[in-house]
Each structure stands twice: as structure tokens, then as C-alpha cells.
Amino acid sequence: MGVDRRQFLKIASLSTLLGIGGKAVFELLAPGELEAAVPLMEGKRWAMVIDMRRMTDEIMDECQKACHSVHNVPNFGDPKVEIKWIWKDEYVADEVKHRSYLLLCNHCSNPPCCRVCPTGATWQREDGIVMMDWHRCIGCRFCMAGCPYGSRSFNWGDPRKAPKELSPDFPANPEFPTRTKGVVEKCTFCDERLAKGELPVCVEAANKKKEDLLIFGDLADPDSNVRQALRKHFTIRRKPELGTNPNVYYIV
Ligand code: SF4
Ligand code: SF4
């Protein structure tokens, strides 16, 4: 286990102290704690557990390269118009740990983004995946305002015209649709790969470097790998006070 009881209590108190306006920036779950609170779920509920104890900056970069390459995520070479499906950022305050975290759409069980979309271009599947229909997106960006995690990006430019020379590691994938200027995009938990019985590409990329660094599975199945990981380790989820119920967990 990565954290002993003393460390757990220290982080738990910091998690409350560090939040803006007295709110916690993350929720710390003791091993098995979530399980006790999770209602019985029917069907599937896809979830991801990221082992931050063994994660490195290089592996997070590999995950982004793999995801952005497979999904034709444009790279305009300008941080102001950056499109990101998965990225690293210093999420938890320095006092806890001075390091970056791997961030992506949390595929929240209670996703505010879906509630505010006026056209139904973003919606939640029964298995929990928050989807995007780029043909129905009118670019109003309500979902971007609704997402508290910055998990959505807007195409200010034409993704098909993203300069190739800026993205030598991102060869086009002819099997995945490119988007158009003026639509919002984000991670879809690799729904196209799950449909073929494959794992998300970031999971494959990370686990090639270190086994079980990213664990992906069905939270509704008590015997699944994600349930076992949550039973065994201390984990955190982002911004608990919002009640979004994220399905991405971090082993700390
Ligand atoms: S992380 Fe943001 S975009 Fe993803 S489901 Fe939650 S609110 Fe929606
Ligand atoms: S699950 Fe798929 S779409 Fe989402 S960040 Fe990972 S590789 Fe990208």
C-alpha cells in the first residue's frame, strides 16, 4: 500500500485545507470505502484507476501521444488554442506533492456537461461513457462552461489544417473521423476500441511501460480489476463537493 495511516490522515486534512473557499479539491478514499458507498449497479460502468505512485512525466507524455495520434487530435502549436483529450497538469497543490497528474474526462456519473448541451451532442451512455456527436455540436461551448474539470476543448481552427510539421509524432489515423472548426471535443474512453473488445489506447500505452499503471474496467462488477484496485489502495477523485461522481480514480 502506498500510504500508511499517518500519511492518510495528513493528506485527508490537507485535502480539506487546500480547497478554494474551504472546499476540498479532492476526495480521499480509504481502501474499500467507495465500495461501501457505491449503490448496486446494473449493467456496466466503465472506470479508470491511475497509479500515480509509479507514474512518470514520460509515461504521461506517451499516453497523450498515443491518444492524440489514434484520434487525430490536432496540434496547432499554440497553447492558447490547444486541443487536449488527455494531458498532464499540476492538479494537487504543491504542499501535498509537487508533481503533475494525468488528466482526462472523468466520465462522471452525474455529468453537468450533458445537462447543459442544448442539442444533445453530448450525452451519457448506459455504461457511463460521456459521448460526443460532432455532427450535432453547434459550438455553443455550454458544455465547456459546465465541465468543472476543463476536460473539453474547442476547435478554434480547422483541425484538418493543423500543421503537420508541428506534430511529427501524430500521424493521421484514417480510421478515425477528423472534426471540423467550431466543434467541441474530448476523450470518449475510446468507445470505438471498447466496441471491438480492446482497451483504451492510453491504457495500453502506459501498461507497455509499467504493468497495471492504468487499470480500466467495469465498476459495476465486484470482481473487476478496478473494484479490486479500489479495495486495495488509497485513492483520490477530483472535486467531490460538486457531486459529479467522477469515474477516474488516482492511487496515491
Ligand atoms: S469530466 Fe467534464 S466533460 Fe467529462 S463527464 Fe465530467 S463534466 Fe462532463
Ligand atoms: S480513454 Fe481513449 S480517448 Fe480517453 S484519454 Fe485514454 S486514449 Fe484518449
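**Rings and labels**

Mentor: The protein chain has eight helices and 11 strands, taken as DSSP runs numbered from the N terminus (helices H or I, at least four residues; strands E, at least two). This is a predicted model, where local features need pLDDT of at least 70 and side-chain atom pairs pLDDT 80 or more, while totals for chains, interfaces and linings use all residues. Side-chain values use heavy atoms, without hydrogens and water, and residues are numbered from 1 along each chain.

Trainee: What makes F189 and F216 an edge-to-face pair?

Mentor: Rings of Phe, Tyr and Trp (its six-membered ring) pair if their centres lie within 6.5 Å; planes under 30 degrees apart are stacked, over 60 edge-to-face, the rest tilted. The centres of F189 and F216 are 5.0 Å apart and their planes are at 90 degrees, so the pair is edge-to-face. F189 lies in the loop between β8 and α6 (191–194), and F216 in strand β9 (residues 214–218).

Trainee: Why is F189 called buried?

Mentor: Buried means under 20% relative accessible area, exposed over 50%, partly exposed in between (1.4 Å probe, protein chains only). F189 has 1% relative accessibility, so F189 counts as buried. F216 is at 5%, so F216 is buried too.

Trainee: Which residues form one aromatic cluster with W46?

Mentor: F189 and F216.

Trainee: How do you know that the charged end of R179 sits over the ring of W134?

Mentor: The rule wants NZ of Lys or CZ of Arg within 6 Å of the ring centre and within 35 degrees of the ring normal. The charged end of R179 is 5.0 Å from the centre of the W134 ring.

How values were computed
Chains are lettered from A and ligands numbered from 1 in the order in which they are written.
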